[in-house]
Amino acid sequence: MNFKLKIWRQRNAKFRGKLVNYEVRDISPDTSFLEMLDILNEDLLRAGGEPVAFDSDCREGICGTCALTVNGEAHGPDHPGAVCELYMRKFRDGETITVEPFRVGAFPMVKDLVVDRTSARAGSAPEANSILVPKHNADIAMEAAACIGCGACAAACPNGSAMLFAAAKVSHLASLPQGGPERERRALKMVQVMDEQGFGNCTNTYECEAVCPAKISASFIAKLNREYASAQFRQRLGE
Ligand code: SF4
Ligand code: FES
């Protein structure tokens with residue numbers, strides 16, 4: 001398969017960026033999208049050019065490191081799935097594909113397709129231990145813990161809201177006894193930090209749920225709102 005690519009190139013946040021045209025040829029349909037970018041980079045290096053910077057690590061949809069907007073969609077057209085799980089067979093032979101970084105005000109530009117998403121990364125789950133967890137709570141915690149912290153929800157949201165990510169983190173820990181001691185403080189702090197970092201508000205567009213590679217349900221946002229309201233109430237009572 002052959003493809004025309006329009007890729008966002010930007011030296012760093014101080015320079016203006018632009019879409020630059022490239023071509024890749026003889027790409028197997030079973031090549032992953034990131035492998036296709038690797039092939040392009042090898043071609044660029046051979047020609048003495050500068051490779052395109054992009055993030056990846058596990059390339060198995062687990063770590064949340066990859067983050068590309070492909071043809072205007074966070075993680076590309078194959079939902080649910082991270083862009084490292086996207087294959088070239090999803091595109092038409094000869095298609096022009098536009099590749100841009102996640103565009104969120106709270107994710108500052110680093111270089112080309114790399115943005116700083118540290119504001120959307122979170123620590124790992126507490127270690128399993130001997131505290132018994134009711135099955136219903138364990139199921140909710142497992143569902144919410146699937147969030148890989150990729151930031152696609154914020155990139156897809158017209159308001160640049162990171163509510164789905166925050167909702168997954170807060171719901172995960174609020175469902176487990178291990179998360180109990182800091183439950184209220186966590187809900188208040190996460191919302192405060194989202195506001196400080198410049199993420200927008202949720203207006204129920206559901207774009208986040210549509211692109212989430214971990215299939216996090218937007219219903220968790222209602223849970224976050226409940227956790228936040230309850231934490232605020234207790235704070236006012238001085239508890
Ligand atoms: S909620 Fe989904 S889209 Fe948002 S950071 Fe987590 S895995 Fe990524
Ligand atoms: S590189 Fe780890 S999820 Fe894509």
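Predicted model: local features only at pLDDT ≥ 70, side-chain atom pairs only at ≥ 80, totals over all residues.
Q: Which helices do the buried residues of H4 pack against in this model?
A: Those residues pack against helix H2 (135-145), helix H3 (152-156), helix H5 (183-197), helix H6 (207-211) and helix H7 (219-237). Buried here means under 20% relative accessible area, with over 50% being exposed and partly exposed in between (1.4 Å probe, protein chains only). Residues are numbered from 1 along each chain as its sequence is written, and chains are lettered from A and ligands numbered from 1 in the order in which they are written.

Q: What makes H4 "mostly covered"?
A: The count: 12 of its 12 residues are buried. Among them are Phe165, Lys169, His172 and Leu173.

Q: Why does the span of H4 agree with that of a helix?
A: The expected span is 1.5 Å times one less than the number of residues. For the 12 residues of H4 (residues 163-174) that gives 16 Å, and the end C-alpha atoms are 16 Å apart, so the two agree.

Q: How many helices and strands are there, and what counts as one?
A: The protein has seven helices and seven strands. Both are DSSP runs numbered from the N terminus, with helices being H or I of at least four residues and strands E of at least two. In sequence order the pattern reads β-β-α-β-β-β-β-β-α-α-α-α-α-α.

Q: What share of the contacts joins residues at least 24 apart?
A: Contact means heavy atoms within 4.5 Å. Taking contacts between residues at least 6 apart in sequence, 67% join residues at least 24 apart.

Q: What makes the bond between His79 and Pro80 stand out?
A: It's a cis peptide bond, with omega about -10 degrees. Most peptide bonds are trans. Pro80 sits in the loop between strand E4 (73-74) and strand E5 (96-100).

Q: Why is Asp112 called buried?
A: Its relative accessible area is 2%, so Asp112 falls under the 20% cut-off. Asp112 also has a positive phi of about 45 degrees despite not being a glycine, in the loop between strand E6 (109-111) and strand E7 (114-115).

Q: Why does Tyr206 count as partly exposed?
A: Tyr206 has 47% relative accessibility, so it lands in the in-between class. Its phi, near 65 degrees, is positive too, and Tyr206 lies in the loop between H5 and H6.

Q: Is Ser32 buried or exposed, and what does it contact?
A: Ser32 has a relative accessible area of 5%, so it is buried. Leaving aside neighbours within four places in sequence, Ser32 is in contact with Cys84, Leu86, Tyr87 and Met88. Its place is the loop between strand E2 (18-24) and helix H1 (33-46).

Definitions and conventions
Heavy atoms only, no water.
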